[in-house]
Amino acid sequence: MKKKNQKVHKDSNIKVVILGSGFAGVNVYQYLHKLVHGFGVSFYMVSDVNYFQFTPLLHEVASGLLRPEDIISPIRENINCCVGDFILDKVVSIDVNARIVKLEHTSINFDYLVIATGASTNYRGIEGAKEYSYPLKTIDDAAELKNKVIALFEGREESSSDSEISIIVVGGGPTGIEIATELSDLTDNLAPLYKSIKKENIKISIFNATENFLNGFPDVLKKSVKNAFKKGRISLRLDAAVQKVEEATLVLKSGESAHFDLLIWAGGVLPNTPEMNLPSFDITKRITVTDYLNLEGYAHIFAIGDVSDIKDHPVPQLAQVAIDEAKVCAYNILQSIEGKPLVKYRNSLKGFLLSLGRFNAASEVGSMLFLGFTAWVLWKFFYLSMMFGKGSKIKILFDWFFDAFESRDLLKIDKNKR
Ligand SMILES: Cc1cc2nc3c(=O)[nH]c(=O)nc-3n(C[C@H](O)[C@H](O)[C@H](O)COP(=O)(O)OP(=O)(O)OC[C@H]3O[C@@H](n4cnc5c(N)ncnc54)[C@H](O)[C@@H]3O)c2cc1C
């Protein structure tokens, strides 16, 4: 699939519009730009934020291991050549026939469109879930979560109460597991700084709706996860579907209830599907694409990353999938411009990687299994290689190195207090 384009004419004046500045959007720009640089193709990117955020490290921001600015990178630094414009705006709808994207403040037409608007936290319509829980999907969520943990400890100290602190994570997928193990480390670091708080009184629990947690992950990895839970005093509740959330109380479908001081919602994602004038279109679902990653009947409209799914070949919502899809999508746009046949996307999951707190991880790459410290190093460097910008990589490396010898960043910054 490697080739440098020779045939796109210099004056071709083709307008490629990319919606979203996440893994899929930025990578499709980077791959396609390499293929068509200097041949009259201009790129337009639309996003509701002017940065790229590196989600696989959000839990490390929430636990004070990394600073928020470490894992975001200015979008204008990442897309800076053959660029018609970067538009900071929200996508509202797409007229697939007229080839126009309607934004909140303007609209834009396209020759080729790549929809890469990702996904948001899914509260599944559960009463009180959004109101009383903290999500972990954006850089602001991560910073707010860390502030909340510290505020919780400060509140306990002020009231000199030594009662139990209950932190509940809803969702036994990778995000739920990673944030629970990371918070176990954070609270272990915090506890000795407060006279009233004893480590043993901090209870972290994960509530998973079904019998099976970490769906799709190999059993051998689940075993190391359970060991990490023992070490981190984390309890796992299976078959514990949430019915509703009240202030400080989680009510399960079984009728049981559980008290919480902090509730984190890691119960899945909902695609950010824009409104489209397509037959039998459902805005609440991922956009169905062909094996070539374009819409059936609309060869010049592609949808990749978390917002889309492939017809008859479902793909997981992962950064590594978004990046691989971006590669195929870029190549197919070039093939289409040249009037050549498109290639099919083949799911090429490299493996499973899961961080389990400080110096601990579990990963399966091909048939090789890595656990503990080795997996932790592998995990760190695999994700570091996916981050954009030399500056960000250096900042992350520096913070990880610093954390190995020193405590994490335990500052609570109150945005409203000036
Ligand atoms: C906490 C957490 C941890 C994760 N850990 C891992 C991991 O370890 N490994 C892994 O492979 N994956 C991980 N993932 C999943 C991974 O983040 C996603 O699969 C990946 O981000 C998908 O890329 P994307 O480009 O499709 O979406 P995103 O990266 O979410 O990008 C979507 C972009 O679209 C923009 N946007 C959204 N709606 C609109 C709109 N209406 N108008 C304009 N712009 C819009 C957003 O601002 C964003 O720029 C994790 C996710 C989370 C939340």
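Four strands line up as an open sheet of mixed pairing, in the order E8-E7-E6-E20. Strands pair here if DSSP finds at least two bridges between them. Helices (H or I, at least four residues) and strands (E, at least two) are DSSP runs, numbered from the N terminus. Strand E8 (107–109) and strand E20 (275–276) stand at the edges with a single partner strand each, so one side of each has no neighbour in the sheet. Strand E6 (residues 91–95) runs parallel to E20, and two bridges join them. Within this pair, Ile94 stands opposite Met276 of E20.

The model is predicted; local features need pLDDT of at least 70, side-chain atom pairs count only at pLDDT 80 or more, and totals for chains, interfaces and linings use all residues. Residues are numbered from 1 along each chain as its sequence is written.

The chain holds ten helices and 27 strands. Its C-alpha atoms fill a box of roughly 70 × 50 × 45 Å along the principal axes.

Strand E1 (residues 14–19) has parallel pairings with two strands. Six bridges tie E1 to strand E2 (residues 41–47). Here Leu19 has Val46 as its bridge partner in E2. Four bridges tie E1 to strand E9 (residues 112–115), again in the parallel sense. Ile18 stands opposite Val114 in E9. Together with helix H1 (residues 23–36), E1 and E2 make a right-handed β-α-β unit. Right-handed means that, with the strands pointing away from the viewer, the path from the first strand over the helix to the second runs clockwise.

The domain assignment, automatic or from a database, gives domain 1 (14–48 + 89–121 + 270–337) and domain 2 (129–267 + 351–405). Their centres, taken over C-alpha atoms, are separated by 32 Å. Six residues of domain 1 are in contact with six of domain 2. Contact requires C-beta atoms, placed from the backbone, within 7 Å. On the domain 1 side, strand E10 (119–121) and helix H8 give two or more residues each. That side comprises four nonpolar residues, two polar and no charged.

The ligand has 33 residues around it; Gly20, Gly22, Thr55, Gly118 and Gly305 come nearest. A residue counts as near if its C-beta atom, placed from the backbone, lies within 6 Å. Domain 1 and domain 2 each contribute at least three residues to this shell. H1, E2, helix H2 (58–62), helix H6 (174–190) and helix H8 (319–337) each supply at least two. By class, the shell has 15 nonpolar, 14 polar and four charged residues. Nonpolar covers Ala, Val, Leu, Ile, Met, Phe, Trp, Tyr, Cys and Pro; charged covers Asp, Glu, Lys and Arg; the others, Gly among them, are polar.

Terms used. Contact = placed C-beta atoms within 7 Å.
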